Amino acid sequence: MVAEERRRGILETARRAGSVDVGKLAADLGVSKETVRRDLKVLEEHGLVRRTHGGAHPVESAGFETTLAFRTTMHVPEKSRIAAAAAELLGDAETVFVDEGYTPQLIAAALPRDRPLTVVTSSLAAAGDLASVESITVLLLGGRVRGGTLATVDHWATRMLSGLVIDLAYVGANGISREYGLTTPDPAVSEVKAQVIRSSRRRVFSGVHTKFGAASFCRFADVTEFEAIVTDTGLAASEAHRYSLLGPEVIRV
């Protein structure tokens, strides 16, 4: 029971802080670093954390998901670079979908202002950022608003999407892996994202390197359905190459 309680405490700390450090945990808990490493290995085997060099970070699941406010504090320089690179893939698209989440919100802010665009989004934050831009028409999907992410879901959103043909979709995910594809913790969010995949001609995934290799509760797309993946250089070049073999161009910034 002592080990179980310690692991539960480690997981709670990871979820609260966003990551944990082996050395600090060992000092705080009064145990050896090797004991902490074994605990993290057990938590990783249960799909609750992903180990990193010297620590671990929590994996989002059916029972745990970070809020939009929390996401605005993590990996911000990387997300800003990713958003700028993703926006450059716009091409001749005239209708664009912007997903919920902080990185898609940054992509919305990076979209050009010197040409007409129609932006469809489930994100209240992205809609608010773009609503005052004269060249951009914003269509906000209706539905139930999720408090943690300020995004709309459920059948109102999917029904609206099903009647649209979108040139380019900027899609996020809580996890992406070569085995399980793109995943998210909430079934209602998964339904919206799956409909976006069906309604779009082109699709770009954008996300920081910590999302790679992680799998959450609900699968909504395969890696093969995307023309591009935009991430940061924290994803090893060798791993990026493995994803590119599935079809998408992998851009590391």
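**The largest pocket**

A pocket is an open set of points on a 1 Å grid over the protein atoms alone, where a 1.4 Å probe fits, with protein on both sides within 12 Å along at least five of seven lines; lining residues have an atom within 4 Å of a point. The volume is the space filled by probe spheres set on the points, which are joined across faces, edges and corners. The largest pocket holds about 600 Å³ of space. It is lined by 32 residues, of which Glu60, Thr66, Arg71, Thr210 and Lys211 are the closest to its centre.

Helix 6 (102-110) gives the largest share of this lining, three residues. Helices (H or I, at least four residues) and strands (E, at least two) are DSSP runs, numbered from the N terminus.

**Basis of the model**

The model is predicted: local features need pLDDT of at least 70, side-chain atom pairs count only at pLDDT 80 or more, and totals for chains, interfaces and linings use all residues. Residues are numbered from 1 along each chain as its sequence is written, and side-chain values use heavy atoms, with hydrogens and water left out.

Three strands form an open sheet in the order 1-3-2, with antiparallel pairing. Strand 1 (20-21) and strand 2 (49-52) are at the edges with a single partner strand each, so one side of each has no neighbour in the sheet. Strands pair if DSSP finds at least two bridges between them. Asp21 has Gly55 in strand 3 as its bridge partner.

**Helix packing**

Arg6, Arg7, Ile10 and Leu11 of helix 1 meet Thr35, Asp39, Leu40, Val42 and Leu43 of helix 3, where contact means heavy atoms within 4.5 Å.
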